[in-house]
Amino acid sequence: MRAAAPLAALALVAAPVAAAESQGEQGTIWKGTLGGEAITACFDGSEGGNSVFYRDGVLETVRLEAQDAAAPLVLTEVTGTDEAASAVWTMQPAADEAMTGEWRKGDVAVPIHLKAVTVDVPEYGSACESAAFIEPLLAGGTTTSVTKKLGTAGYTELAYAGPARAGLEDYHIVTFVITPATPADEAINAMLAAVLPDGTAESEMAQCAAPMLANAGVPGYIDQAQTPMLITPSWVAVRNGGSNYCGGAHPNNFLSLAVYDRQRGAAADPTRWFKPGALAFYDFDPQPGQFRPIKGLSPALTEAVMARWPMDARDPECLEAARSEWGWTIGLSAEGPVFAPQFPHVIFACTEEVTLPWKAARPFLSKEGRAVMASLRQAPKASGR
């Protein structure tokens, strides 16, 4: 059995710091040297917590496993299956916000000198997931751009690939920006580009990678593509789909649709395009900045959408699931509104996008929805899949 108590004592230098970390406000990481190399370490003394470190010049996390020792504390580096080749840390108790010890691998031994650094701890994480510990690991990666067209509308595809270390090369995120014509377009482009990693702990990539890096385990992955479905002088319709693994029992698959209003430079709310009663909503309030989540469609709208379910995808289980209230996302094409069910992992393969032609959609449209229809019938068609 590993010695949790000695590790906890080593992780927390003083009582005030310990109290702050327990409240999810502040914690401690350690910076110093291993021999002549600068390193950063984090010792998580909570039950089930992992301790990790990285060489500042390499930026790959290595897990440290505590052995049955009270003082000095002995930890073993875990980087693979060859335990006999693992290095061993022997650390003295912390004193005056400093720790010393020895790193040994075979006949080679070098000193370890560390100093405590107080950090802000994420609300649902440990000091090992703090910005101060994680952000250096996220540095790097490349973003390439390619000019493309959708119909007659030009746009630029942006593709991010994570740095080739510690599995971060498996983080791939694609988005796009439209050719700007107004300040409203600039605002839309900022929203479209926000999905790209910016090197901070708040980015979507960081939120996925941080728990994995902090445990020095499987680094996870993101394979995400945000692509244009429609670009007109009034609207930009977007498909955002892919898969990721950020911990847990299985990878996650996702698909969402969004529409941006080029006159206002903001996201449009497709639920406003439909008459009262055409859509059913979940009881809970949406997150700040988001629209009311759609639970289901009215019986008549359900039948209209199901009548256009792809003929080669009419598996009975999928059709039954689509008629259930798992949730829906609504997008836009030149031909009409686009409906996609929000299925859980076990039936995500049943996901389809169904375009409801304007003629069939018209009985369900509000005044605002009919205005959208009119704007698209007058605009040059530039949509695709």
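**Note on links and packing in the chain**

1. Start with glutamate 325. This residue counts as partly exposed because its relative accessibility is 43%.

2. A word on the source. This is a predicted model, where local features need pLDDT of at least 70 and side-chain atom pairs count only at pLDDT 80 or more, while totals for chains, interfaces and linings use all residues. Residues are numbered from 1 along each chain as its sequence is written, and side-chain values use heavy atoms, leaving out hydrogens and water.

3. Back to glutamate 325. Which residue does glutamate 325 form a salt bridge with? The partner is lysine 295, and the closest N and O atoms are 3.7 Å apart. Glutamate 325 sits in the loop between H7 and strand E18 (328-333), and lysine 295 sits in strand E17 (residues 294-297), so the bridge ties together parts that are 30 residues apart in sequence. Helices (H or I, at least four residues) and strands (E, at least two) are DSSP runs, numbered from the N terminus. A salt bridge needs a side-chain nitrogen of Lys or Arg within 4 Å of a carboxyl oxygen of Asp or Glu. Lysine 295 is partly exposed, since its relative accessible area is 30%.

4. Other salt bridges. Side chains of opposite charge can pair when their charged atoms come close. How many salt bridges does a search of the whole structure find? The search finds eleven. One of them joins arginine 55 to glutamate 37, with the closest N and O atoms 3.0 Å apart. Arginine 55 lies in strand E3 (residues 51-55) and glutamate 37 in strand E2, so parts that are 18 residues apart in sequence are tied together. Glutamate 37 is partly exposed, at 37% relative accessible area. Another salt bridge is between arginine 63 and glutamate 65 (3.5 Å, N to O). Arginine 63 is buried, because its relative accessible area is 18%.

5. The disulfides. The structure holds three of them. The test is a pair of cysteine sulfur atoms within 2.5 Å. Number the bonded cysteines in sequence order and the pairing reads 1-2, 3-4, 5-6.

6. Cysteine 42 with cysteine 128. Their sulfur atoms are 2.1 Å apart. The link is left-handed, with -90° about the S-S bond. Cysteine 42 is in strand E2 (residues 37-42) and cysteine 128 is in the loop between strand E8 (108-120) and helix H3 (131-138), so the pair ties together parts that are 86 residues apart in sequence. Buried or exposed? Cysteine 42 counts as buried, at 1% relative accessibility. Cysteine 128 is also buried, at 1%.

7. Cysteine 208 with cysteine 246. This disulfide has an S to S distance of 2.0 Å. The angle about the S-S bond is -100°, and the link is left-handed. Cysteine 208 belongs to helix H5 (residues 204-215) and cysteine 246 to the loop between strand E13 (235-245) and strand E14 (252-261), so the pair ties together parts that are 38 residues apart in sequence. Cysteine 208 is buried, with 4% relative accessible area. Cysteine 246 counts as partly exposed, at 26% relative accessibility.

8. Cysteine 318 with cysteine 350. Here S to S is 2.0 Å. The link is left-handed, at -65° about the S-S bond. Distant parts of the chain are linked: cysteine 318 is in helix H7, cysteine 350 is in the loop between strand E19 (336-341) and strand E20 (354-355), and the two are 32 residues apart. Cysteine 318 counts as buried, at 10% relative accessibility. Cysteine 350 is buried too, at 11% relative accessible area.

9. Helix H7 again, now with H6. The axes of H6 (residues 299-306) and H7 (residues 316-323) come within 10 Å and cross at roughly 145°. Axes are lines fitted to C-alpha atoms, for helices over the stretch in contact, and angles run from 0 to 180 degrees between N-to-C directions. H6 contributes Thr302, Glu303 and Met306 to the contact, and H7 contributes Leu319, Ala322 and Arg323. Contact means heavy atoms within 4.5 Å.

10. The whole chain. Secondary structure comes to nine helices and 20 strands. Of the 385 residues in the chain, 46% are buried. Take the contacts between residues at least 6 apart in sequence: 50% join residues at least 24 apart.

Notes:
Buried means under 20% relative accessible area, exposed over 50%, partly exposed in between (1.4 Å probe, protein chains only).
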